[in-house]
Amino acid sequence: MAHFEEVCKQSDLHPKPAGLVLQYGTAGFRTSANKLDHIMFRMGLLATLRSKKTKATIGVMVTASHNPEEDNGVKLIDPMGEMLTSSWEDYATQLANTDQNELVKTLKDIIEKEAIDMSQEANVYVGKDTRSSSSSLSQAVLDGVKALGGHSKDYGLVTTPQMHYMVCCQNTRGKYGEATVEGYYCKLSQAFSQLAKNASNRTDDQKHLSVDGANGIGAIKVREMESHLKNHMQLSVFNDGSRGKLNHQCGADFVKVQQTLPRAGIKINPGDRCCSFDGDADRIVYYYTDSQGDFHLLDGDKIATLISTFLKELLNEAGLDLKIAVVQTAYANGSSTHYLENTMKVIVKCTKTGVKHLHHAAQEFDIGVYFEANGHGTVLFSDGAEEKIQQLANDTNINDERKKAAFLLQNTINIINQTVGDAISDMLLIEAILAIKGMTVQQWDAIYSDLPNRQLKVKVSDRRVIDTTDSERRAVTPAGLQEAIDDLVKKYEKARSFVRPSGTEDVVRVYAEADTQESADALAHEVSLAVYGLAGGVGDEPKPLH
């Protein structure tokens with residue numbers, strides 16, 4: 001009971017603004033930083049209950065990822081470094097929106113429903129990004145943990161993927177790695193060094209990479225890691241937070257959406273290999289400019305193709321019969337799907353948008369590669385797959401080619417952060433693959449050519465009128481919409497289009513691709529008009545793009 005008195009006392013120091021209602025989404029809570037103090041305190045409470053329930057360490061990360069600097073947010077991390085389980089997302093939403101005087105009652109309801117033993121010890125790890133609001137907000141989380149008698153460890157400034165990594169290391173009792181930032185650097189850099197040894201005679205130019213750190217935490221952490229990479233890599237870090245705003249005209253989201261170089265802070269020559277992280281370093285995209293000055297983006301689809309091709313080749317060389325698949329969403333470019341299925345003969349599975357759907361689907365295979373087009377993704381190896389690779393690497397009776405392939409697979413496993421998409425880990429893996437294969441960024445880009453595409457959004461009075469099926473590729477309601485889309489698609493070559501409701505606002509997202517940019521733009525516009533007419537569009541009807 002003493003704990004609940006402390007909760008009441010502390011809760012008064014973190015009051016809930018009247019009338020504010022927030023929803024725990026795929027990325028946790030996210031909104032203006034000045035509205036989040038009570039949320040952070042309550043997520044400290046929830047993380048403590050989750051820790052007692054699972055008898056494991058739980059993580060809390062204070063970040064708003066690629067959002068503007070004035071926003072902030074929070075996400076909870078489950079015992080194996082994965083995202084919070086969906087039934088507890090409901091508790092998070094409930095707790096966030098409970099009135100001050102009902103808070104203890106809501107807590108007791110959760111305790112009762114989940115049969116939580118309150119005498120069980122609780123441990124919570126807390127990390128934060130570089131936003132000016134993050135310090136006070138992470139303190140509010142720590143206050144919540146303390147109020148319910150939990151133990152906490154404050155990691156201070158870390159990337160989101162590092163926080164996921166720490167939780168997994170702790171709960172696997174070090175089997176996954178050492179739960180320190182230094183341990184993270186050592187594990188990844190040692191694996192990278194081992195892989196880089198298999199690249200023949202790389203020049204300094206080939207080792208060089210320009211990194212846009214989005215003026216966020218990733219820039220700080222990649223700088224800290226540089227010394228661990230010895231002579232294997234040469235980094236030029238731009239948008240490192242010394243000047244310029246977080247995510248402002250830079251970072252992975254800006255580059256992907258605007259299809260252009262970061263506007264600020266980056267100086268590159270034609271053909272230079274570049275990448276951009278997002279604000280909390282869980283997304284990465286690559287790009288370069290050609291001799292004509294044209295911009296070329298290598299997004300999550302290109303990354304998934306490079307990695308899965310490399311892994312499939314190694315499995316063949318090692319003589320290992322493991323099922324490898326690439327998990328995509330409806331937003332994946334049709335050319336990438338076609339190349340993977342028809343040229344590489346890799347299983348491709350399509351799932352709903354949202355990282356947790358991709359992660360879940362990737363777990364169904366021996367090796368599951370997943371990347372959203374926005375550059376968020378990783379590779380998952382089943383326990384069985386890791387075991388087989390390990391056994392082969394230790395087998396003294398195999399030939400040199402199989403031995404080498406097993407060794408490369410082993411180090412590939414160690415370089416990957418399997419808990420979540422991780423810009424630093426993904427960057428090291430991509431650099432290692434390009435080095436081993438002796439590929440330039442242009443050769444990687446030329447594996448297949450993206451079909452021109454366009455994304456638009458249409459404002460509607462209620463996004464719930466749109467219901468979809470087939471991993472969001474077909475609309476079930478409103479009546480007539482899918483038929484209209486099908487008819488429009490028939491007018492263009494190599495075309496497809498789909499619509500889906502936004503998860504956060506009353507807009508419908510429209511995606512279209514076709515053989516030319518002009519056709520993709522025209523199709524997207526015509527589908528937008530169909531959505532506007534059949535799904536309750538509000539405001540002016542969509543205008544043509546040209």
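Trainee: What should I know about the numbers first?
Mentor: This is a predicted model, in which local features need pLDDT of at least 70 and side-chain atom pairs count only at pLDDT 80 or more, while totals for chains, interfaces and linings use all residues. Residues are numbered from 1 along each chain as its sequence is written, and side-chain values use heavy atoms, with hydrogens and water left out.

Trainee: OK, what is the strand order in the open sheet of five strands?
Mentor: The order is β1-β3-β2-β4-β5, with mixed pairing, where strands are DSSP runs (E, at least two residues) and helices likewise (H or I, at least four), numbered from the N terminus, and two strands pair if DSSP finds at least two bridges between them.

Trainee: And which strands are at the edges?
Mentor: They are β1 (29-32) and β5 (151-157), each of which pairs on one side only.

Trainee: In which sense do β4 and β5 pair, parallel or antiparallel?
Mentor: Strand β4 (residues 123-128) pairs with β5 in the parallel sense over six bridges, and Asn 123 stands opposite His 151 in β5.

Trainee: Which strands does α5 lie across?
Mentor: Helix α5 (residues 134-147) lies across β2 (57-62), β3 (71-77), β4 and β5, and runs at about 175° to β4; such angles run from 0 to 180 degrees between N-to-C directions, with axes fitted to C-alpha atoms, for helices over the stretch in contact.

Trainee: Switching topic, how do α7 and α16 pack?
Mentor: Helix α7 (residues 181-196) and helix α16 (residues 423-437) pack at an angle of about 10°, with their axes 9 Å apart. They are therefore roughly parallel to each other (angles under 35 degrees count as such).

Trainee: Which residues make the contact?
Mentor: On α7 they are Tyr 184, Leu 188, Phe 192 and Leu 195, and on α16 they include Leu 428 and Glu 431, contact meaning heavy atoms within 4.5 Å.

Trainee: How many residues are in the largest nonpolar core?
Mentor: That core has 85 residues, and Met 427 and Leu 428 are among those with the most contacts inside it; a nonpolar core is a set of buried Ala, Val, Leu, Ile, Met, Phe, Trp, Tyr and Cys residues joined through side-chain atoms within 4.5 Å.

Trainee: Last one: is Thr 329 buried or exposed?
Mentor: Thr 329, found in the loop between β11 (324-328) and α12 (334-343), is buried, with a relative accessible area of 7% (buried means under 20%, exposed over 50%, partly exposed in between, with a 1.4 Å probe and protein chains only).

Definitions and conventions: Parallel < 35°, antiparallel > 145°, perpendicular 65-115°, else oblique.
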